[in-house]
Amino acid sequence: ASFTISLHKVDNTTVTIKLRPSVSTNCRIRTKNGIKSELKIKPGENVTFAFTCSTPEKYFITEIQKNIDCVSGPCPFGDVHLYPPGLPRLNRTYIWDVKASTKAGLELKFSTPWLRQIEPGETCPDSISYNINSCIDKATVNIGTFCRNGSVSRVKLLGGVVMSLHLPWHSPLTTSGFNIANRASIKRLCIIESILKGESSITLMSPNYPLGFPEDELMTWQFVIPSNMRASVFFHNYSLSNCERKEERVEYYIPGSPSNPEVFKLSDSQPANIAGSFNMSLQGCDQDAQNPGILRLLFQVVVQHPQVDENVTYLVDLSKEKNMTVTIHLEGWPSHVPPMSEPICLICKDPRTCDRVLTLASGAAYRISFLCKDLSRLRITAEKGIGCMDIRWCQRKIYSLSVPKAITKLPIRLHKFIWKLLATDLINVEITSPSLKLQQHVPEQRCNTSYSYSIVSATPETELNLGVFCPGGSIEKIQMRNNITISLKTFGKGFFNESIPQDLKMSFVPHIKDECTFTVSPNPRAKVYLQTPNWPYGLPPYVSISWFVAVPSKQTARLGFSKDRMGIACETGRAYVNIKEETPGAEEIVRREDELLPQPRNMHHDFWVNVSNCKPVDKTQLALQFWVTFADKQIDLGIILAVVAGAGVLTAIGLTVCCVKKKKKKTQNPMVGVYNANVNTQMPGKKGFFGKGRQNNESHVYAVIDDAVVYGHLLKESNGSVAPEVDVYRPFDGPIGSLPPSPPPFSFRKDIKRSSNTEEEPPPLMDTDQDTYTFAHQKLGQSKDNGNANEKDKGDTSVPLLENKERDGLVE
């Protein structure tokens, strides 16, 4: 196919057909003068041409430039047409270069559906875009790039204009969509008019965005809004230049305002809930020549109907609170920010100070209102700090970790309340729940309440996540080292009904040995599951955790582990599980990482469970879970028979002694009796068995000398001791206290050395076997290494922004 283009000289239009940038092809343009890769048709020329390929739209583009002189001649007001006709179906760019004096600005008026400004790099859905540039003397300012279907109805510019329209080769558009309306002086860079008819949201940018607003310039946006609607302005992205003189600012002209213009900094919260139309202007400054900086602004205007409850206020009294902030925000904030096009919820501190996120600080009272159709989309996140730098001032003080009523009374769901508990290295935190107690959320025992607590301890080297806890369990007290963060998180709407019985208390206590200690007081009929912190990832290296489990006096506890082994291998140190009952003479059950964990066993007294980690050889860490159940104590028939038999034996001994005494009275030469004060004949564990004190009865008097007593001196030849053949731990013989068991010192954390002829290790001991290792604790007050790596360780604003509307030419 061939094409003929005829250009009238009076139209001052040039057509250029050329290859796309960076395209290599054998397709060419054939004219009577030969084959070319580019064709330029000037005003007054008539050219016929054809392409050497069937799909020239893939390789060629067309630029049509029309020069319009509004300085030396009359300006062609009215619609701007797409000229010339009959162009080949190629991607086209129409460029209108309009020359005008800076004393007579040009106004471009767009036909519906008007224009929508887009950010640099963004594309239009239909690939049709407009680009507007203002030309002042030799300087060019990019006003912006626009798509169709928007709210920008007019743009008025100072000086000349370069207007571009980009059309794809398949576009059916036959009109330019704008006209040159008139000329009038505006005394500012430009005025952009935006008409919003209903509930909507628009985004606009300052000229030259994001490269920077021209120095010491002024521009205005004029927003036409129905009087029954409300508009709010939000700045989403801005930066400031380095000013030598004047000040960068935003000024508003709001009809009915007592202080027009209203001046704001770019960093201020911008006006909201504005009734009807208003103007907004951006004023630059004289910039530093050496370091000018960049002034730019991207903002959003939201228009919505007045809310029915916009005059309803809620009192948030934080005057008696300390170190607390309350943030009201949209659900999903800050990780999820809804698109600007969506209807928004606004939170207002006063009728004109509103935002999508509002933060209130403690020490003051606020009256807030909501411009929001659906309050269920809003959430509250609060944070409170509690600190202790000297234990003498805060040791006996108990803090209630409950949500203040000022928050629970709001018609908004509480998302999270965070307590940050700060203390020095030698001060620890104790958390208690005296009446409700806490339940640890584990797979076998999930929380089903409307809220839960997440507790995290921040140690100097790592973060220890204790887990998730909810009310209604068995954990009565938790003691932790270092700074603690407790986060209350709600689920559903039921929290307001359950918030009254919150029972979490906190106090500061002196330094504790382990990283964390739990005090567990289970319900006698409950089965309690407990697991190590940082589940399921495991304990950090060299961390020690303890649980103290209270056993009711008429109950027997059964303790079991959820797996057979710890499942780790140590690179440095040893990992231990220690179990010990809180009773005199109780042995301590110790298992290392290379041994089987104890089988389920009965515990008749309060007991401790301690888990201490080593430094594992790989990324696998120590993660353990155990359970505790209770049953009523049963009377053992064997014990009854033993008591009866014992009574019988004592009776027989008594009768024998009586007979011997009577016989001895008849003897003229009685045998010699020996008093041995070192013999204790009292039955162990049965205090008060005898009716009289030991000094008042004759249980310690021997009537007959036993052979073992007569020849007992022979036993002294061995010095009363026998050297053991292997290195074993000594049984615990010290006093019983409230401290948890702990692993042996590092000197004992090595494998027991055995000779090369040692036989294979015996099979693991069963529940009925004697414990593998027992050892003696040092007495209270002595230091002991429990395997921790390190415990210490403006211009003139008196002039209104907008001149007389007739002079600006914005009112028809």
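Is Cys75 buried or exposed, and at what relative accessibility? The points below take up this residue and several other features in turn.

1. The structure under review is a predicted model. Cys75 has a relative accessibility of 10%, and because buried means under 20% relative accessible area, Cys75 counts as buried. Its disulfide partner is Cys70, with the two sulfur atoms 1.9 Å apart. Cys70 is likewise buried, at 2% relative accessibility. The link of Cys70 and Cys75 is right-handed, with 65° about the S-S bond.

2. The disulfide of Cys70 and Cys75 belongs to a total of nine found in a search of the whole structure. Two others are described in the next points.

3. Cys243 and Cys285 are joined through sulfur atoms 2.0 Å apart. This pair links distant parts of the chain, 42 residues apart: Cys243 is in strand 21 (residues 243-245), while Cys285 is in the loop between strand 25 (278-283) and strand 26 (286-287). The link of Cys243 and Cys285 is left-handed, with -85° about the S-S bond.

4. The two ends of that bond should be read separately. Cys285 is buried, at 1% relative accessibility. Cys243 has a value of 34% and counts as partly exposed, because that class lies between the 20% limit for buried and the 50% limit for exposed.

5. Cys570 and Cys614 form a further disulfide, with an S to S distance of 1.9 Å. Here too the pair links distant parts of the chain, 44 residues apart, with Cys570 in strand 48 (residues 570-572) and Cys614 in the loop between strand 52 (607-612) and strand 53 (615-616). The torsion about the S-S bond of Cys570 and Cys614 is about -85°, so this disulfide is left-handed. Both Cys570 and Cys614 are buried.

6. What surrounds Ser232, not counting residues up to four places away in sequence? This serine is part of strand 20 (residues 230-241), and its relative accessibility of 3% places it among the buried residues. Ser232 touches Pro271, Ala272, Asn273, Gln300, Val301, Val302 and Leu346. With one of these residues, Asn273, there is also a polar contact: a polar atom of the Ser232 side chain lies 3.0 Å from the backbone nitrogen of Asn273.

7. Which strands pair with strand 39? Strand 39 covers residues 451-458, and six of its eight residues are buried, which leaves the strand mostly covered. Strand 42 (residues 483-490) runs antiparallel to strand 39, and eight bridges join the two. Within this pairing, Val456 has Thr485 of strand 42 as its bridge partner.

8. Strand 39 also pairs with strand 40 (residues 463-471), again in the antiparallel sense, over six bridges. In that pairing, Ser457 stands opposite Leu464 of strand 40. As a general point for viewing such elements, side chains in a regular strand alternate between the two faces of the sheet.

Conventions: Residues numbered from 1 in each chain as written. Predicted model: local features only at pLDDT ≥ 70, side-chain atom pairs only at ≥ 80, totals over all residues. Heavy atoms only, no water. Buried < 20%, exposed > 50% of the residue type's maximum accessible area, 1.4 Å probe, protein only. Helix = DSSP H or I, 4+ residues; strand = E, 2+ residues; numbered from the N terminus. Pairing = 2+ DSSP bridges. Polar contact = N/O pair within 3.5 Å; in protein donor to acceptor, adjacent residues only side chain to side chain. Contact = heavy atoms within 4.5 Å. Disulfide = S-S within 2.5 Å.
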